[in-house]
Structure formats: structure tokens, C-alpha cells
Amino acid sequence: MRSKIIHLVLGLILVVLLSVCTIKASASDDGYKQCEHTVKKWASSSSVDHKVQEDKHSLRDLLFFLHVPRTGGRTYFHCFLKKLYSNSQECPRSYDKLRFDPRKANCRLLSTHDDYSMMSKLPKEKTSVVTILRNPIDRVFSTYEFSVEVAARFLIHPNLSSVAKMAQRARRKTSAVSTLDIWPWKYLVPWMREDLFARRDARKLRGQSHLVTNDSYDMEDVLMPLHEYINDPIARDIVHNGATFQIVGLTNNSYFGEAHEVRHCVLKYHSLGDLVLEVAKRKLDNMLYVGLTENHKESATMFANIVGSQVISQRTISSSEKRSLLSSTKSDLTGQGNNTHQTLKNVSSTGEEEVRRENLTVGKLMEAYESCISNLRNSQAERRVNSLKRISPANFTKEARRQVSKILIEEIESLNSLDMKLYTYAQHIFTKQQTHVLHNMVSAEIQTNTQSASVYPIFNNPPYWKLSISVTALLLVLFIFLFVNSRRRTSKVKL
């Protein structure tokens with residue numbers, strides 16, 4: 001009797017467990033189906049942009065530089081775009097979502113870490129988009145290193161309370177945009193900053209002064225180890241596959257209302273990521289320019305020829321109108337009294353700045369770029385060294401990266417599978433761009449030669465070309481004949 005009761009109880013327990021598992025499985029299926037519906041609906045609504053635009057190679061009125069973090073975009077902004085566009089043409093305020101106002105008159109350049117959802121606030125048919133992608137593994141390393149580097153600057157303070165007071169005073173004194181205002185650093189830097197202070201306080205409590213490891217990426221007594229960083233929910237939400245999510249407008253900084261739900265579904269059910277990847281590919285297809293960090297020189301040259309040349313060309317076309325306007329403005333102001341002196345001075349100053357840009361060529365732009373990046377890199381390197389001194393002996397170098405285990409590298413690659421595929425696709429686009437630029441350069445050379453030939457119309461007539469070639473060939477044969485005979489005579493004399 002007792003054994004029957006035991007079997008009955010066990011049977012009931014088994015039934016309950018099976019029911020629970022069935023309910024969970026059913027709920028999981030329902031969750032997946034709901035997410036699948038959500039992501040497909042979003043992807044379908046994004047399909048409007050999927051058709052490659054015929055005029056994608058033409059620069060439009062507004063240039064949107066979609067700056068993926070840690071791809072070298074800051075260099076492009078300071079050393080290319082700032083040379084091509086004046087401050088008055090910049091949309092206020094680049095890299096500051098809260099102050100962005102696309103309605104500003106003459107707003108021609110927007111350079112920001114905001115994702116593609118920014119296009120919902122721009123005149124889409126008048127906007128060209130450019131971006132740069134980087135090998136995802138290197139980008140994760142660089143994001144980790146920069147987060148730590150910026151956070152380490154705050155270690156000059158005794159505690160986080162002191163940091164907060166300093167930040168409040170700084171905000172009252174200036175309206176300038178800091179790194180902590182910019183996505184994604186406004187999330188990543190405070191996270192790393194709290195971690196650095198906590199580990200420093202722990203070392204003080206232990207009275208620890210000696211470190212047992214020299215691995216900068218696994219120095220847990222000083223900073224968060226890389227393996228811990230990449231597996232944290234914050235990194236999974238913001239860092240991994242960050243380029244893909246940014247290019248489709250699905251970051252946690254998105255203007256799209258459905259962004260959070262779609263991103264959550266993709267993070268939960270990885271197979272849905274393929275739908276997002278296809279949308280990202282189509283976005284890249286429609287961009288004016290896609291650069292690669294690893295192909296630095298080629299990318300810079302291509303940017304100058306694709307984007308720079310068109311900005312210069314547009315300015316050249318309108319320069320005569322501007323000079324006419326400047327001249328008429330000065331004429332109108334002259335004779336209106338001494339009160340107009342400062343106005344005239346401002347007009348002249350603006351005119352001189354425009355003249356410098358009007359005289360810009362692709363060649364001069366590249367020369368200015370090379371000089372600029374040298375200075376920029378030196379200042380960045382100096383600041384990096386000073387920051388990392390505060391977490392010594394940690395030091396992020398190429399050699400230190402090479403010491404990171406293969407298992408950890410493979411884990412980073414797996415966590416960024418969408419970005420890895422998108423980067424491969426971007427490489428194909430890059431090759432197509434090179435072909436397009438080369439074709440344009442050859443066409444321009446042919447046009448130049450044609451124009452040069454038109455200066456001497458006699459040579460445009462085919463019979464004259466034939467006569468010229470015949471005469472040249474005859475003279476060449478005669479020269480060879482005389483040279484050979486001369487050599488023979490010399491040989492005979494010597495004998």
C-alpha cells in the first residue's frame with residue numbers, strides 16, 4: 001500500500017514537472033513568435049530604403065557623417081570635414097543630441113554618434129550619409145581601452161563625491177560638450193569610472209601595493225578584466241554588434257519608438273539578427289561613402305575624391321554668386337556711417353575664410369589632412385599616456401593585445417557575429433568604390449586630354465595624326481640606321 005502511494009506521488013510530481021516544462025516551452029514559443037513578428041514588421045517598414053538609389057554617388061545638400069565609435073571618425077571630422085565646411089555650415093550641435101536643430105539655415109554638415117534614426121529628423125531626399133567601419137574585434141578592444149582611459153582621468157579625485165562636485169562646477173562655468181554627454185561614452189565611462197574607484201578603494205583596504213600580474217587585459221586588482229567587460233549586460237547592450245545596430249538605428253540612443261523592443265528581441269533570439277543584418281547592408285548600399293579603418297590611406301584618398309571633390313566643386317560653382325553678394329553688401333554698407341565699421345570687418349573676415357576654401361583642391365586637401373592627423377595623433381597619444389599613468393602598471397599596447405588568449409578573441413568574434421558579417425560586406429562595397437573612383441579619374445584624365453587637344457585643332461584631324469605618326473616613325477628608323485652605321489665604322493677603325 002505504501003509503495004503504491006509513493007508511486008502515485010512520484011507520478012503526480014512527474015506530471016506537474018512535464019506540465020511546467022510544456023508551459024515554459026509554449027511561452028518560449030509564443031515569445032519567439034511575438035519577437036519574430038516585431039522584427040519582421042520593423043524590417044519590412046525599413047524596406048522602403050532597400051532599393052539602391054541611382055544618384056547615390058552624388059553629394060546632396062546635407063552631409064550626415066554617421067560616426068561609429070572607435071573607427072577613426074574624429075580624425076575625419078577634424079582633418080577633412082572641418083577643412084571643407086565652415087563653422088556656420090555645421091548643424092548645431094554635432095555630437096550633442098539634446099541641442100541638435102536641423103532647421104538652422106545653411107546647415108550642411110551633421111557629424112554625430114547618433115544612429116541612423118537621426119534620418120527621421122532630416123530632409124531625407126536632400127541628405128547624403130557617410131560612415132567608416134572597423135574590424136569588430138579591434139573595435140571592441142579600442143572601446144574597452146578608451147572607456148578605461150577616460151575613466152582613469154577622474155582618479156585624480158579622492159572619491160566619487162568629489163568627482164560629482166567637480167562636474168557640477170564645470171557645467172555651471174561652460175556649455176561645452178564633454179565626453180560624458182556623448183553616446184555611448186555617457187554610459188560606458190561612468191560604468192568604468194565607478195569600477196576603477198571601487199578597485200582602488202579595495203586595494204587601499206588590503207594595503208596592497210604589489211601586483212602579481214603584468215597582463216593589462218586581466219589586471220583585476222586595478223581595472224575590470226576584458227573577459228568580464230565583454231560579458232557584462234552593459235557591453236552586450238551597447239558594445240557588441242554596435243556598428244550594425246547604429247547603422248540601422250536600433251541603439252539605446254535611437255529616435256525610433258520601436259527600437260528598444262526590436263533590439264531586445266534580437267539580443268534574446270540571435271537568429272532574428274539576420275533580418276537586422278540585411279537592413280544594415282541595404283543602408284550601406286545607399287551611402288555616399290563607406291570607409292575602412294584598416295585601409296587608412298586608401299580610405300582617406302577615396303574620401304577626398306568622393307566627398308571632398310564634390311564639396312569643392314559645389315563651392316566653386318557658387319563662389320561667383322558669393323563674391324557678387326559680398327561686393328554688393330559692402331557697397332550697401334559703405335556710406336552708412338561709422339557704425340557699420342564692425343559689420344564691414346565681419347563681412348571681410350567671412351569673405352577671406354571663404355576664399356581660402358574656394359582655392360582648395362583635392363591635392364591641397366590631402367596635404368592638409370596629412371599634416372592635421374600627425375598633430376592630432378601626437379596630442380591624443382600624449383593624453384592617453386597621462387591617463388594610463390593613473391592605473392599603472394596597466395598599459396594598452398599592440399604587444400599586450402597579442403598576448404590575449406585565442407579563446408577570448410574567439411568569444412569576442414562570436415559576440416559580434418552581426419558586425420563581423422557586416423564588415424565583410426563593407427569590404428566588398430569598399431572595393432566597388434575604388435573601382436568607381438578609378439573610373440572617374442580615368443574619365444577626368446581623358447576629358448583633360450581632349451580639352452588640351454582642342455587648343456591645337458590641327459591635331460584633332462585624323463589625317464594629321466597619321467602624318468605625325470608616320471614622320472615620327474621615319475625619323476626613329478633613320479636615327480637607328482645612323483647609330484648602327486656609326487658603331488660599325490667605329491669598330492672597323494679600332495680593328
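What is the torsion about the S-S bond of C91 and C107?

Reply: The torsion is about 115°, so the disulfide of C91 and C107 is right-handed. C91 lies in the loop between α2 and β2 (109-112), and C107 lies in that loop too, so the pair ties together parts that are 16 residues apart in sequence. The sulfur atoms of C91 and C107 are 1.7 Å apart. A disulfide here is a pair of cysteine sulfur atoms within 2.5 Å. Both C91 and C107 are buried. Buried means under 20% relative accessible area, with a 1.4 Å probe and protein chains only.

Some ground rules come next. The model is predicted; local features need pLDDT of at least 70, side-chain atom pairs count only at pLDDT 80 or more, and totals for chains, interfaces and linings use all residues. Residues are numbered from 1 along each chain as its sequence is written, and side-chain values use heavy atoms, with hydrogens and water left out.

Now the other disulfides. A search of the whole structure finds 3 disulfides. C35 and C265 form one of them, with sulfur atoms 2.2 Å apart. Their link is left-handed, with -70° about the S-S bond. C35 sits in helix α1 (residues 2-45) and C265 in helix α9 (residues 259-268), so this pair ties together parts that are 230 residues apart in sequence. Helices (H or I, at least four residues) and strands (E, at least two) are DSSP runs, numbered from the N terminus. C35 has a relative accessible area of 8% and is buried. C265 is buried as well, at 2%.

C79 and C372 form a disulfide with sulfur atoms 2.1 Å apart. The link of C79 and C372 is left-handed, at -70° about the S-S bond. It connects distant parts of the chain: C79 is in helix α2 (residues 73-84) and C372 in helix α13 (residues 362-388), 293 residues apart. C79 and C372 are both buried. With the bonded cysteines of the protein chain numbered in sequence order, the pairing reads 1-5, 2-6, 3-4.

Strand β2 leads on to the sheet. The loop between α2 and β2 holds C91 and C107. An open sheet of 4 strands has the order β2-β1-β3-β4, with parallel pairing. β2 and β4 are the edge strands, each pairing on one side only. Two strands pair if DSSP finds at least two bridges between them. Strand β1 (residues 62-66) runs parallel to β2, and 4 bridges join them.

T131 has V290 in β4 as its bridge partner. In a regular strand the side chains alternate between the two faces of the sheet. Strand β4 (residues 289-292) points Y289 and G291 one way, and V290 and L292 the other way. All four are buried.

Rolling a probe the size of a water molecule over the atoms shows where empty space is left. A cavity is a set of points on a 1 Å grid over the protein atoms alone where a 1.4 Å probe fits but cannot get out; lining residues have an atom within 4 Å of a point. Grid points are joined across faces, edges and corners, and a volume is the space filled by probe spheres set on the points. The whole structure has 2 cavities of 30 Å³ or more.

The largest cavity holds about 60 Å³ of space. Its lining includes P69, R139, W183, W185 and Q246. Helices α3 (136-152), α5 (185-206) and α8 (242-248) each supply at least two residues of that lining. The lining splits into 7 nonpolar, 3 polar and 1 charged. Ala, Val, Leu, Ile, Met, Phe, Trp, Tyr, Cys and Pro count as nonpolar, Asp, Glu, Lys and Arg as charged, and the others, Gly among them, as polar.

The second largest cavity holds about 50 Å³. Among its lining residues are L133, R134, P136, R139, D419 and Y423. Helices α3 and α16 (417-455) are the elements that give two or more residues to this lining. α16 contributes the largest share, 3 residues. Here the lining divides into 5 nonpolar, no polar and 3 charged. R139 lines the largest cavity and the second largest cavity.

Definitions and conventions: Buried < 20%, exposed > 50% of the residue type's maximum accessible area, 1.4 Å probe, protein only. 1 Å grid on protein atoms, 1.4 Å probe; cavity = no way out; pocket = protein on both sides within 12 Å on 5 of 7 lines; lining within 4 Å.
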